[in-house]
Amino acid sequence: MAAREPLKRGYDVDENAIRFSNYFHMLRELVHLTAGWLPLEPSWELKYKLGDHLHDDARAVSKIKRRLYELRHPSDYPGAPGPELAELLDYLGSATTPHEYGLRAYGEIKPTLATAIHTHLENLDPVTDEPSLRLLRQVFERQERHVDEIGPEANGYLIEDIGALPIGFKEKRELRVMEPLVQPARDDFVEVTDAGDPFLVDELYVNGAENHVPVEPEEQKHFFHGLMDAELSAAELMARNMHEHPEMPWEFHVDMARQTWDEMRHARVHDVLMQTELGCRWGDYPVTFSYFRSIYAYDLLGRLALFNGTSEQRAMWRHSHRRKVLVERGQEQVAKVFDYLLADEVPHVHNGARWGAWLLGGDEGAYREKVRELRQGLDATGQPSTAPTS
């Protein structure tokens, strides 16, 4: 039998918990700020990556909270960042443009976090602290991938080992919320108008016998281009739901991060479909922010009821209908897209019901009544016909 290597001293439980608390604060701040800046990033390619990384980081925060719970018997309270880390987080939060935020988040903050985690991995005992080992390997690899994918020249880490910084156990750090959006941003080559693409008729977006399924090549080009923009707007709305409501339970932020990523993946599907099957590209036709603005004008409960509880719920019928018609026409490749969109809409509707009810004290009936009330103010395509009343 091979000789066993002796156990390393590694970190004691308190040291370990302090390190995880510091990682918690860095990742929570990255999630909060990325959700705020994502709609303002004009580049579709960068916007997609931010949505992917947002989901990764939100899940990492959940796992770190769980590890803190295990180490602190039984509390996941991370304390507050000490003065040095708070200054670093303030620096990240003081970015004034999406480009500046990207340079700081991916050129400095994430490399600083990865450096601290690497130090942690080098010094922990892999036997007594195997749960930390497995978690930290995953977080480290993802932070490295994020930096590689966004691609700014790393300026190096800003603090040699943020994991070792002290934590303020009796304080709490409040997250600063950015100014409300006027509208999201798009690539310079995308034309934004009040009317959007005039080719897109109302019949495409109604439920029932009058619904029109695009089957001809030219109308499919316009339709999927408009659908890609709708998915981007949905992702941006979910990201802003996260950012503007830091007071919500962490599970809400994880659900919104997943839906942001889902909507981004949907947009990517349409982007690929347009280029490979339909002979058109993102930016070939104008888009509009009228629907985004009409939903964004509501409070969080209204957004959940109108978007998750109504728009996503009605889209389930349309996706099923579109899939059936396209299969009958022999367009299985295009129909497959709607098959997967339909699958994702189900948890999106559940997000609305779960968190809408939570906002109403857990009363699911009150949430359903709110959905019914707000639906009365929608036009045939599902867009609010009047502004919300305060």
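The legends below describe close-up views of a predicted model.

**View 1. A patch of negative charge on the surface, which includes Asp202.** Four residues gather in this patch, namely Asp202, Glu203, Glu210 and Asp379. Asp202 is placed in the loop that runs between strand β2 (167-168) and helix α6 (217-243). With a relative accessible area of 51%, Asp202 counts as exposed, because the term applies to residues over 50%.

**View 2. Helix α9 and the glycine that follows it.** Helix α9 takes in residues 300-328, 29 residues in total, and at 1.5 Å a residue these should span 42 Å. After α9 comes Gly330, a residue whose phi is positive, near 80°.

**View 3. A nonpolar patch on the surface, formed by Trp358, Leu359 and Leu360.** Together, the residues of this patch have about 250 Å² of accessible area. Leu359, one of them, has its place in helix α10, which covers residues 332-359. The relative accessibility of Leu359 is 32%, so Leu359 counts as partly exposed.

**View 4. Glu144 in helix α5, shown with Ile162.** Glu144 lies in helix α5, which covers residues 130-150, and it counts as partly exposed because its relative accessibility is 37%. In sequence, Glu144 and Ile162 are 18 residues apart, while in space their separation is 17 Å from C-alpha to C-alpha.

Key:
Residues numbered from 1 in each chain as written. Predicted model: local features only at pLDDT ≥ 70, side-chain atom pairs only at ≥ 80, totals over all residues. Heavy atoms only, no water. Patch = residues over 30% accessible without salt bridge, like charges linked within 9 Å, V, L, I, M, F, W, Y side chains within 5 Å. Areas by Shrake-Rupley, 256 points an atom, 1.4 Å probe, with all protein chains shown as cover. Salt bridge = Lys/Arg side-chain N within 4 Å of Asp/Glu carboxyl O. Lys, Arg positive; Asp, Glu negative; His and termini not counted. Charge placed at Lys NZ, Arg CZ, Asp CG, Glu CD. Helix = DSSP H or I, 4+ residues; strand = E, 2+ residues; numbered from the N terminus. Buried < 20%, exposed > 50% of the residue type's maximum accessible area, 1.4 Å probe, protein only. Expected span 1.5 Å × (residues − 1).
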